[in-house]
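Subject: Structure for your review

Dear colleague,

Please find below the structure that I am handing over to you. My notes on it follow directly after.

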Amino acid sequence: MTAGTAGYGHRVEFGTALVPDARDPHGPVRLALLCEELGYDLVTVADDPAQPGPDDAWTLASWIAGTTSRIRIAPDLRTASLRDPAVLARSTAGLDHLTGGRVGLQLGPGAHDQRAAVEAMGGPGRTRDEDAGAVAEVIDVVRALWDVDERGLARYDGRHHRLRGAQRAAPAHDVPIVVAGTTPQVLELAGTRGDGWSAGYDELGTDGLRLAHLAVDAAARAAGRDPREVRRQLTVSGRFTDRRTGFLDGSPADWVQDLLPLLAEHGVGTLVLRSDDPATLTVFAREVVPALRAAVDRVTPFGASGVRVRRAAALAKRRSGIAYDAVPASIAEVVEPGDHDYHRFRSGYLRGGAPGIVLRAADTRQVVDALAFARAHPGVPLSLRSAGHGISGRSTNDGGIVVDVSLMNAVEVLDEATRRVRIGPGARWTDVAAALEPRGWALSSGDYGGVGVGGLATAGGIGYLARAHGLTIDHLRAVEIVLADGTVARADATENPELFWAVRGAGANFGVVTSFEFEVDEVGAVGHARLVSVTDDVAGFLREWGRVVEDSPRDLTSFLITGPARAGQPSVVQTLSVVDSADPETVVARLQPIADIGALHEQDVRILPYAAVMANASDAEHQARGEPVSRSGLLDHVTPEFAAAAAAALRSGSLHWFQIRSVGGAVSDVDPDATAYAGREANFQVVAMGSRQDSVDSAWATLRPFFQGLYLSFDSSTDPRRITDAFPPRTLARLRSLKADLDPHNLFRDNFNITPDPAVARSAS
């Protein structure tokens, strides 16, 4: 028996091969729609230079992609070396994003048609070796442009193709590149560079197929690859008849008998039927395909669903200390260095990262299993990620484990009368606001819709509705949480009340919240204003802005951001404010005192739904490279002394920007002991950002005497002494006692870490 499905472990797939027809350009499109309806996995579109008329395969494939919604599309470019590989890479990546990851590529050197085309263009033609070499360079250039983990512009210097510097752009998914052909050079190319190899059964027969597999396998091994990385695709054709006369010439049962050995014994993973007859395509899909899948399930170890095979190049990027082969099978998605999607999850919004593995959990059970895996790696960093935006940068690491809950993003109404909703930790605030807006509801959150619920709703939640409606955690009524030992607990005012107290302000230290239950508010349209002012007196502006905010009714919440002034230029101060009112006169009355503080350079004032305010999120993946240096503090009042110190810190050049958020109002209505969030008396929260820790700390040292606590989400410091800045002694002692009870081994340590109280830990053991 030759290498077969049992050896390669490929998922069995079925496709059709379409050929452009200048006489009926829409004919292949109609067939593609039929194939999608019939459940085919794939359509390939042949590139035939000998065909007269407008028959470009890429154009036809793009049109098919726009008219279908599920089936995968692979242009079969046997003239690949005649195409600009940089254009091909960008076109493929763009179409893959537009189709939601449904594009593949089939590349080959072609036959006499291609060499004739080259000669017709004035070239000398190429030998078969040169043809295969040109295709190899096309693959190299395409992959270089898709590799966004590499820094800088992509460059390539080959014999046939050169790239002097081009912007990289990854497709939506790991686009497979299938190498098509049967010459020894093509088989070697498939083994060394291809994700798949394609040929026609008529070219090979069973014996030729066996020899081709051996050649591809040998080339793959010589290149340090696992032969299973190369999917085997075979194109077949035939007809359904009442009387069997030969191979694929008979009844559907005869076809099953002929094709099963190719799948079960001869290593084929994808069967592509070449036919332009709708009746043949229909019978094959409805009678042959189901029987073949069932038969493969019966006679092969992995069945028709196959197994995932990671590339050798990806395996080489695994980090030491992680038992990759012991990852629980339940995890929805496992992302490793070298995987296509790794760039989407390695970094945060501001912090670059290089985790050893990302475990994407889709439900509570999977979180339990992911934490069991983390407990089995006690010396490996563990990070928790909802959307990866956090300024503190703690949702990624270097060489460790990341438990990602972004798939747990549902927003569900539990009780219309009490406005009770359940929200997953992976939801983003822009999505939450959009889901609540049709009912006239809103939940106080941050200022950027791309922030994940999980991080913000366990730290506090200082947002545009804070003074009118309090912190996010002030609306929290219950959580489901997975504790360090894997226990799933519910915490609310009556069940596990001490844990519920701690989750509201220090939640990341105690577990992974898998669902939040909130009581949201009725919120109509709000006034939203962006005012840009210029001033020569930053201290005076800060002082007056602080006075205006404190004197204003609590329906105003205002944020201020500024940075160092350019040489010889006045300082630019931007305020972002929300007025919890749809009345234009009220909105203007609240904003006019802010507009009057300095020379107004720019203004944008609107009355709009809160959901529109939060619809400011980018869907682009986080691509941070460096390390954020941020410091946070809670401030009772913007005194003249603080304003002068802040202006001096900005003049020092140590800070990139400086933000003050107003709190107070409804935030201060809550008893300081009701939640673990400290600083209920503060009217302002301050954050500063810079690039060098020493210079930021030097500037921040001049401001620290003014603060009474800090906000966890905005501080990147890993100094354990900062924990005493964050929590008053009584609150911290209470948290450490609970930590000793629920996480005595400090599994949840790679955060703003509350260490277990040693005395309590000893008594607990």
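Strand β9 (residues 231-236) and strand β12 (residues 270-274) run parallel and are joined by 4 bridges; strands count as paired if DSSP finds at least two bridges between them. Within this pairing, Thr-235 has Val-272 in β12 as its bridge partner. Helices (H or I, at least four residues) and strands (E, at least two) are DSSP runs, numbered from the N terminus.

Before going further, please note that this is a predicted model, in which local features need pLDDT of at least 70 and side-chain atom pairs count only at pLDDT 80 or more, while totals for chains, interfaces and linings use all residues. Residues are numbered from 1 along each chain as its sequence is written, and side-chain values use heavy atoms, with hydrogens and water left out.

The barrel

Both strands belong to a closed barrel of 8 strands with parallel pairing, in the order β1-β2-β3-β4-β7-β8-β9-β12. On average, neighbouring strands of this sheet are turned by 25° against each other, direction ignored. Axes are lines fitted to C-alpha atoms, for helices over the stretch in contact, and angles run from 0 to 180 degrees between N-to-C directions. Helix α2 lies across β1 (13-18) and β2 (42-46), and runs at about 170° to β1.

Helix pairs

Helix α2 (residues 27-38) also packs with helix α3 (residues 57-67), at an angle of about 40° and with the axes 10 Å apart. That makes α2 oblique to α3; angles under 35 degrees count as roughly parallel, over 145 as roughly antiparallel, 65 to 115 as roughly perpendicular and the rest as oblique. The crossing of the two is right-handed, a crossing being left-handed if the near helix is turned anticlockwise from the far one by less than a right angle, and right-handed if clockwise. Pro-28, Val-29, Ala-32 and Leu-33 in α2 meet Leu-60, Trp-63, Ile-64 and Thr-67 in α3, where contact means heavy atoms within 4.5 Å.

Helix α9 (residues 252-264) and helix α10 (residues 278-299) pack at about 45°, their axes being 9 Å apart. They are therefore oblique to each other. By class, their contact has 15 nonpolar, no polar and 1 charged residues; Ala, Val, Leu, Ile, Met, Phe, Trp, Tyr, Cys and Pro count as nonpolar, Asp, Glu, Lys and Arg as charged, and the others, Gly among them, as polar.

For α17 and α25 the packing angle is about 115°, with the axes 11 Å apart, and the two helices are therefore roughly perpendicular. Their crossing is left-handed. The contact of α17 with α25 has 7 nonpolar, 1 polar and 2 charged residues.

Arg-734 forms a salt bridge with Glu-498, with the closest N and O atoms 2.7 Å apart; the term requires a side-chain nitrogen of Lys or Arg within 4 Å of a carboxyl oxygen of Asp or Glu. This pair links distant parts of the chain, as Arg-734 is in α25 (residues 729-742) and Glu-498 in α17 (residues 497-506), 236 residues apart. The structure holds 56 salt bridges.

The open sheet

A further 4 strands form an open sheet with mixed pairing, in the order β13-β14-β16-β15. β13 (333-335) and β15 (382-385) stand at the edges, each with a single partner strand, so one side of each has no neighbour in the sheet. Strands β14 (residues 357-360) and β16 (residues 401-404) pair in the parallel sense over 4 bridges.

With kind regards
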